[in-house]
There are 4 protein chains.
Amino acid sequence: MYFASDNCGPAHPAVMQAVADANNSYQPSYGADAMTDELRRLIRDQFEAPEAAVYLVATGTAANSLALSTLAQSWQTIFCTPLAHIHTDECNAPEFYTGGAKLSLVGEADKMTPDQLAAAIEGWTYGDVHVSQRGPVSITQVTEQGHIYSLKEINALTGMARTYRLPVHMDGARFANALAALGCTPAEMTWRAGIDALSFGGTKNGCMGVEAVIFFDPKHAWEFELRRKRAAHLFSKHRYLSAQMIGYLRDKLWRDTATQANAACARLVAGLREIPGAVITNTPQANMIFATLPRATHQRLHDAGAAYGLFAPLKGDDPDEALPMRLVCDWSMSDDLIDRFLDIARG
Amino acid sequence: MYFASDNCGPAHPAVMQAVADANNSYQPSYGADAMTDELRRLIRDQFEAPEAAVYLVATGTAANSLALSTLAQSWQTIFCTPLAHIHTDECNAPEFYTGGAKLSLVGEADKMTPDQLAAAIEGWTYGDVHVSQRGPVSITQVTEQGHIYSLKEINALTGMARTYRLPVHMDGARFANALAALGCTPAEMTWRAGIDALSFGGTKNGCMGVEAVIFFDPKHAWEFELRRKRAAHLFSKHRYLSAQMIGYLRDKLWRDTATQANAACARLVAGLREIPGAVITNTPQANMIFATLPRATHQRLHDAGAAYGLFAPLKGDDPDEALPMRLVCDWSMSDDLIDRFLDIARG
Amino acid sequence: MYFASDNCGPAHPAVMQAVADANNSYQPSYGADAMTDELRRLIRDQFEAPEAAVYLVATGTAANSLALSTLAQSWQTIFCTPLAHIHTDECNAPEFYTGGAKLSLVGEADKMTPDQLAAAIEGWTYGDVHVSQRGPVSITQVTEQGHIYSLKEINALTGMARTYRLPVHMDGARFANALAALGCTPAEMTWRAGIDALSFGGTKNGCMGVEAVIFFDPKHAWEFELRRKRAAHLFSKHRYLSAQMIGYLRDKLWRDTATQANAACARLVAGLREIPGAVITNTPQANMIFATLPRATHQRLHDAGAAYGLFAPLKGDDPDEALPMRLVCDWSMSDDLIDRFLDIARG
Amino acid sequence: MYFASDNCGPAHPAVMQAVADANNSYQPSYGADAMTDELRRLIRDQFEAPEAAVYLVATGTAANSLALSTLAQSWQTIFCTPLAHIHTDECNAPEFYTGGAKLSLVGEADKMTPDQLAAAIEGWTYGDVHVSQRGPVSITQVTEQGHIYSLKEINALTGMARTYRLPVHMDGARFANALAALGCTPAEMTWRAGIDALSFGGTKNGCMGVEAVIFFDPKHAWEFELRRKRAAHLFSKHRYLSAQMIGYLRDKLWRDTATQANAACARLVAGLREIPGAVITNTPQANMIFATLPRATHQRLHDAGAAYGLFAPLKGDDPDEALPMRLVCDWSMSDDLIDRFLDIARG
C-alpha cells in the first residue's frame, strides 16, 4: 500500500527486459550506439517530429534544468507557477544551470492562465537594462496538484508567450498520464500546441531512471549536447538509458502504463468518496489525489503500514480533524492494494 | 574485438541480477531505501571507514565535479596534471560545478611528483587577493595513460598537499584496476594514504552506470547532498544505483573483475610485444596499453573490424609508419578475443 | 527641477575637495594606502564597531550582491520583499553573484512584517534536500517606496531571523536618510538591532560613486575580499573611493546632507498637499514621494522641463485623470527649485 | 620615488578638471547623459570606428572579464599566455564572469606566436563534446613583461584565430603606451589588425578609475549592457566615468601622457644600464623595466624609501647577489625622481 509517489514502484518488466537484452555486446559509448539511434527514431515517430533533437538524461530535474538553461539566458527570468517543481523541489537547480536566471511566479495556483502570464511578463519592462529580462515560460503537465491543461489551454498559453516572443517549455514528468487522460496525440499536446521543448518523463511511469529532452526545433541541439556533457549528465554506457526508453516506447507501452495508473487513481478516488469524512480537495485528472481524511482514519492507515504523503502531524487530540494528504498511483498499483487501502480507511 | 574503452563492454551478470532483484517492491525514493543503507555499509566495511560519507551518482564526471566543488571554493585553483580527465575530457564540468575555479596544471606527464606539485602551488602566492587561491589537489589512479601511483607516491603527494593544508581528491574511475595491481587494501590506497575524497568507479568495471563519492571525513556530507540534488544527480528511484553498487561490492566482485581486466591487458601486452613493429609506449600497469603499430598492421585490424583508439589518420603512403593507439581491456574481455586480435595483427 | 532620482544630482563640494586633495602623491594601490585606513577608522568610530570589516565598492548593486553572496550559499534562498531593489532593479545580480541563490518574496508590500517573514521561511522545509535552503534576510532602509522601518520593527525582524539562525543584511542605499529621519545612531539602526551586514550608501547622498560594505562580525572579511576582487570591484587607485567616503564621513557631512534631502522632501510634500487634485500615495518618511497628479498638471510640469518618474502615459484624453509619479530629493535640492516646481504644478 | 606600478600615481590635472566640471548640474543617470554621448563620439572618432559599441567600467578586470564573457561561452576555453593578467592577477574573474570557461595557456612567454596559438587551439579537438570548446583569443598589449606586439605580429595572430573562426580580444590596460611606442593609429592596432574587442585602459595612464570596452562590431552591444548591469558595473552617476574619459581623450591627452611615461622609462633604462651590476632582463618597449640589481644596491634604494617590485628577499648574506625587480613609470614620473633614484642606485 505505497501511494507516496510514482517514483516508489518498480520498473515495468518490459523495460527491465530491454535493459537485460542490451547487455550482450560491445557498443560505442556516449550515445553513438545503435540503440540510441533507435530510441531517437521511436520518439520522432511517435511525436510526428522527424527533425526533433532528442536527448536522454536520468533525472527529471536534469531534463528540466538542461532544457531551460538552453532556452534562457542568465539575465532572464523564467515564468512558472508558484507550485512548479522547478521552483519548489529542485534545490535551485534551474538557477544553477542557467547561471542565475530568476524564476518569476505566475498566478497563485498550479495552473496559470494567459492573463496571469501576461501580467507576470509585463511585470518586467521590456528593454530595461535594470530588470530581469523576459525569458522562457515553463508549464507542467500533469501539474504538481494532479491537474491537466487542456489542449485549448496550452494553445492559449503558448499563444500568449508567442506574443512576447518567448519560448515555452513543458515539464512532462507525468506527460504520459496527461496524454492518457486527454486522449490526444503527443504532437497535439506539444509542438502542434506551440511547445518548444519538452521534458518527457519515463522514470515515474515504468522506467528505472530515464527522461528525454525533446527540442522540436533542432537549432538548440549542439548547445544542449555541450550543456549535458558539462553538467555530467552524458552517460558513457548510454545504451542502458536508451534501452529503458526503447522498452518504454515500444508498442506504446508508456501509454498503457499511464492508462493503468490513471485507472488505478480513478478507482481509488471513487472509493475514497465513499469513506466517511473524506474530502477530495483537487480534481484528480491523472494519477494524483489531494484529499483530507479524519485523523482517526489516518491512524488506522498508518497502523496498517500504508505509505502516502501526510501534510500535518498525525498526533493530535481531535480524531475528527481533517488532515491533508497526497496519494499517487503508478502503473503497478493493483486493484487489490487499492481495495485493501480503502477497506482499512473505511474502518 | 572491442578495445576502444572499458565503457563499451557489458555490465557483469551479478550486477544485472542485483538490479533485477531490486525490481520487486515499493521503496522509499531518493536513497531512503534499505538497499542504499546496505550499499553504504558495504563501502564503509570494505574501506574500513565507519564514519565515511558515501554517495552515489551515475557518471564519473559527476563524481569528480561534485567532489571537487565540495572541496574547492570558486576563487581557488585545483591542481592536476595536464592529462587529468577533469582537465581534458569533462567539457569544463569542474569549472561549472565549482562556480569558476581554475585548474592549474602540474608537471608535464600524467603522474605528478611532489616537487612539481610544490612548484605549482608556489606559483600562486599565498594570501595574495589578486591570484587564484590554492585549492584541492586531484590525482588520478589509474592515470589516463594507464599508470599507477605507488602507495609511497600517493603518501608523498598527500604529504606535500598537507604541508600547504590542501585537501586531496582521487579520481578513481579505474580505482579497482589500481587496487588489483598494487594488491593493497582500499584503505591503504585512500584515507590511510591521506586521500580526503574519492571518486570510486563502478561503470568501467562491470556496472551499467554508477560511481560512489566517498568523503572519509563526513563533515562535507550535507553540503554534498545539497550539491548533488542541485546538480540533478540525485536519483528518485535510487535503488537501481544502489543495487548496481551492491552487486559490484558483494563478495568483492569488483576486485575480481578488475583482476580479470588487468590479466587480459597483460595477455594483450605480452602478445603485442611479439608483433613485428609494435612498440609499447607506456608501461601498462593496469588495463590500458599505449602503443604504436605500423600502418599496415592497423589496416589489417581495421579491415577485420577491430575497434580501438587510433590517434593518427589510417590513410597514408607509408605502410611502415608507426601510428599511435590506445587499447583498453575491461573485465569481459575474453582470451579468445585477445588472441584473435593478435592473430590479425601478426598478419 | 530634477526630481527623477537622487542619483541625478551633483556630488557635494566637500566630497569633491577630498578627492582633489587625494590627487597629489604616490600611494600604494588596491586599498593599502593611508586614506583607506582612515576611512575604515571613521566608519568604525561612527558605527561604534571597532571590529567591523569595512570595504568599499562603487555601486549599490555591487555592495548588495557581494554582501549577500558572502552570507548566502548557492543552494539557499534570500528573503526580501517583492519591491526590494535586489529583486526588481539589479538584473539578476544577486543570483549571479551567489551562483544561483533564489530570492523568496516576503509579503506584498515594501516593508515586511515578522509574521510574513516567518511564513516565507516556513515555506521552505528545514532539512529537506529537495527545496531551496533557508538563507539570509535582506531588508531595505529606506524602502523603495520611501518608507522607514522603526528600530522596533528592525529588531522584531532580526529577532525572527535569529529564531531560524539566519543572518540579516540591510540594503542602506539611503541609510543616511533613514538615520536622519529616525534620529538614532548608526549602531542603533544596525548591529545593536541585529543587522549582520550593511550596504552603506554614499552615492545617492553626495558622493560620485562609493558604497561601503560593513560586516559587524569580521569573520567574513577574507572571503569578502576575494569575492570583491574576483568580481572586479577592487579598485587599483583605491584612494579615490576612500577619499570620497572620507569626505562624506568627516564632520558627519553625510548626516547633514541627508537631513537637507529629507527637509527638501518635506517642503515638497507640504507644497504638494496644497496642489489641487494631488494625492500623496505613500507616507513620505525620508526623501521620496509617491503621489498622483491630474494629467493636466503633469502636462504643465512636463512643458516646463520638470523631470521625475511618471508611471503612466502623459498623453490621454482625460485632463483630470490621476497619473502616478515618484519624486526624489537629494541633498542638493534647493528651496527655489522646489518652489518653482510647486508654482508650475499649482498652475 | 614610486616605481611600484602605474596605478600608484595621481590622475592627470586635465582629467580631474573634467570631473570637477561635470559636477555642476542634474544629469540623467546610468549613462543617458550628454557627457556619455560625447565620450562615445570621441572614442569612435579616434578609433575611426563609427559603428563601435563603447562602454565604460571602472576597473581593468571588469573590462576584461565582461568583454571575454560576451565573446565566450561557458563551455569554451579562452586562449592566452601563461603571463596574461587575466590568468595571473584576476582571482578567477574571467572564470566567474564566463560561468566557468577555461583558460588555455599558449606558449611559455608573455607574447604568443601564431604557431603556438595554433598548437594550443589544436589541443582541443573541434566538435568533440567531451573537451573544452575553442573560444576567444586574448592578447595583451603592452604585455605584463613590458613587451609590445608589432602590427605585423597582431595581424598574424588574428589571422590565425580567424582561420579557426575565433574572435580576438585585446587587453589594453596599457594600450596608450603601446600606441605611443609603435607610433600607429588606434585603428591600426585594433580593428584594422583584426581585433574584435578591446579593453581600453585609462586608469594607469592618467585617470582615477575608468576603462572602456569597445566592440568594433556592435552586435554584442545589448548583451554587454545586460552583463555589465548584472555584474554591478553600471554606474548610476555615470557622468563621472564619462568625464574622466573625456578628459583623457580630449586633445589626445592620453597619447601625450603615454609618451611621457615611455620617455620616463627610457630615461630610467638608460640610467640603469650605467649602474654597476645592473642587468636589464626584458627589452623595455613601453613603460616597464624588468631588471636585476645587486642586493647591496637594493638595500640602498630601500633605505632611501624607493618603492618598486622586488621579487626576492632583501635580506641575505651575499651583497652581490642579483635580485630581480620590476620598475614602472607612469605619466607623472619626473626626471628629478628618476635621477634621484639612479643616484642612489649608483651609490
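Domain bounds here come from an automatic or database domain assignment.

**View 1. The two domains of chain A in a predicted model.** Here you can see domain 1 (13-252) and domain 2 (254-346) of chain A. Their centres, taken over C-alpha atoms, are separated by 29 Å. Where they meet, 27 residues of domain 1 of chain A and 20 residues of domain 2 of chain A are in contact (heavy atoms within 4.5 Å). As this is a predicted model, local features need pLDDT of at least 70 and side-chain atom pairs count only at pLDDT 80 or more, whereas totals for chains, interfaces and linings use all residues. Residues are numbered from 1 along each chain as its sequence is written, chains are lettered from A in the order in which they are written, and side-chain values use heavy atoms, leaving out hydrogens and water.

**View 2. The area buried between domain 1 and domain 2 of chain A.** About 1,800 Å² is buried between the two domains, 53% of it on carbon and sulfur atoms; buried area is the accessible area (1.4 Å probe) that two parts lose on being put together, summed over both. On the domain 1 side, A:Arg174, A:Asn177 and A:Lys252 lose the most area to domain 2, together 26% of what that side buries.

**View 3. Polar pairs and helices where the domains of chain A touch.** Look for 14 residue pairs in polar contact between the domains, both residues at pLDDT 80 or more; such a contact is a pair of N or O atoms within 3.5 Å, one able to donate a hydrogen and the other to accept it, and residues adjacent in sequence count only if both atoms are side-chain atoms. On the domain 1 side that touches domain 2, α8 (175-182) and α11 (239-249) of chain A each supply at least two residues, and α8(A) gives the largest share, 6 residues. Helices here are DSSP runs (H or I, at least four residues), numbered from the N terminus.
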